[in-house]
Amino acid sequence: MPRPPTSRATPWLVWACGLAVYVLAVAHRSSFGVAGLAAADRFGAQATVLSLFVVVQLATYAAMQVPMGVALDRFGARRLLTFGALTMALGQAGMAVAPGVGAAIALRVLVGSGDAAVFISAVRLVWGWFDRRRVPLLTQVTGLVGQLGQVVSAIPFAAALHRFGWTPAFAALAALGLATAGLAAFGVRPGPHDEPPLRRGLAGLGATLTSPGTWLGFFAHLLGGVSPNVFVLMWGVPFLVRGQGRTPAEAGALLTVSVAVSLVAGPAIGEFTARHPLRRTWGALAVAVATGAGWAMVLLPATPRPLWALAVFVVLISIGGPASLVGLDLAASFNPPARRGAAQGVANMGAFASAVVVMLAVGVVLDARAPGGAPTLADYRLALSVVLVPLAVGVVGVLVTRPRARAAAGLSVPTLAEVFDRYRGTGGPGPR
């Protein structure tokens, strides 16, 4: 029988413990971006080598989504959150004393592996402790609150790095990681809506991987997340500064716009998802159209764009960040609860795996076009157009898997014309 919460506050307290782990996971994830210049001095590495830290960490995060999803179904959110926090803390402790580039890159693999366990586990707490009607909005809030981790890395961590140096700053992050591991171990517990864990972690994995609903979630996540990941995590600042001729301060301001858009769009998308569950894919496709329009604004013109146009571009692609979480909602709702972790792990790969491919492809094109290391706007326009390929793949993927997922679930969805007729009062009561 389901176990009722001990008090009204229990769901919120358990969720808060998961959120604390996720906030610090984002701080771990973004810490190397803040420490890039210090890393160049410490390791004597060139920019191309330093970029491997981001790519390797993100690739590890994407590759570990399925194993971590399977482990989540087998062991539950408490163990996965504790494992993730401890693994990231170990990686950051190693970074504090890393002797060279090779060791440091290997340690970023540890950070990426631990990070992979955290978000899907935090989302599992939402599904386990709250009513289904609240899940889409609280999933969005989970993602938004987690972004406070970027503030942790950008302000206190950066200040500690500047004042105390490399080793104390990374050691402090490791210590905070141990603290959040304690929160997860003692503050997280199974919720009243959780299913019993699978006895064998791999049970049902084949069915999850062949479920059209799983891949519908994957492609919806890809559509929203690939562009903001590529832009924010690697190529946004170089494109704005070197390609568009903007100052570093202006580039930073535009990245701040991206965060602000997520804060506004996230709750709105969560509420739309909760109110119109049968139209979630239309929302994902609409965001893909907006994203494509944003890229067209900056890739088609041969001259630098005015600041207002760049701001509109950032707004259009940044909506995709919170919209990508619709993919996790789709994957979960089209799979049995016992396989929810594996399904959401596959879906969560969509944006990150495609972003890694695009990041590498952009670098290859830029190196080929500008071997001397001084790419022009024309070079960036050609290189960044690579992002349109996964967007096209995502649109096709959603359109192909959507009817299959609905058919497999026995779901009959009224057409937009039928809905319109119902609201006009000419089509009868119709399905609701």
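## Report on helix α8 and selected residues

Helix α8, which covers residues 135-146, has twelve residues and reaches 16 Å from its first C-alpha to its last, close to the 16 Å expected at 1.5 Å a residue. The model described here is predicted.

Nine of the twelve residues of α8 are buried, so this helix is largely enclosed by the rest of the structure. The buried residues are V135, P136, L138, T139, Q140, T142, G143, L144 and G146. Their packing partners are α1 (10-34), α7 (118-129), α9 (148-164), α13 (248-275), α16 (320-323) and α17 (325-333).

One of these partners, α9, contains L148. Together with V151 and I155, L148 makes a nonpolar surface patch of about 270 Å².

Aromatic side chains provide a further topic. The structure holds 14 aromatic pairs. In the pair of F218 and F219, the ring centres are 5.3 Å apart and the planes stand at 90°, so the arrangement is edge-to-face. F218 is buried, with a relative accessible area of 13%, and F219 also counts as buried, at 16% relative accessibility.

T82 is placed in helix α5, residues 77-97, and counts as buried at 15% relative accessibility. When neighbours within four places in sequence are left aside, T82 is in contact with A181, A184 and A185.

D379 belongs to helix α19, residues 377-384. At 6% relative accessibility, D379 counts as buried. Again leaving aside neighbours within four places in sequence, the contacts of D379 are L366, R369 and A370. Of these, R369 is ten residues from D379 in sequence, and their C-alpha atoms are 6.3 Å apart in space.

The table gathers the accessibility values of the individual residues discussed above.

| Residue | Relative accessibility | Class |
|---|---|---|
| F218 | 13% | buried |
| F219 | 16% | buried |
| T82 | 15% | buried |
| D379 | 6% | buried |

Conventions. Residues numbered from 1 in each chain as written. Predicted model: local features only at pLDDT ≥ 70, side-chain atom pairs only at ≥ 80, totals over all residues. Heavy atoms only, no water. Helix = DSSP H or I, 4+ residues; strand = E, 2+ residues; numbered from the N terminus. Expected span 1.5 Å × (residues − 1). Buried < 20%, exposed > 50% of the residue type's maximum accessible area, 1.4 Å probe, protein only. Contact = heavy atoms within 4.5 Å. Patch = residues over 30% accessible without salt bridge, like charges linked within 9 Å, V, L, I, M, F, W, Y side chains within 5 Å. Areas by Shrake-Rupley, 256 points an atom, 1.4 Å probe, with all protein chains shown as cover. Salt bridge = Lys/Arg side-chain N within 4 Å of Asp/Glu carboxyl O. Phe/Tyr/Trp six-rings, centres within 6.5 Å; stacked < 30°, edge-to-face > 60°.
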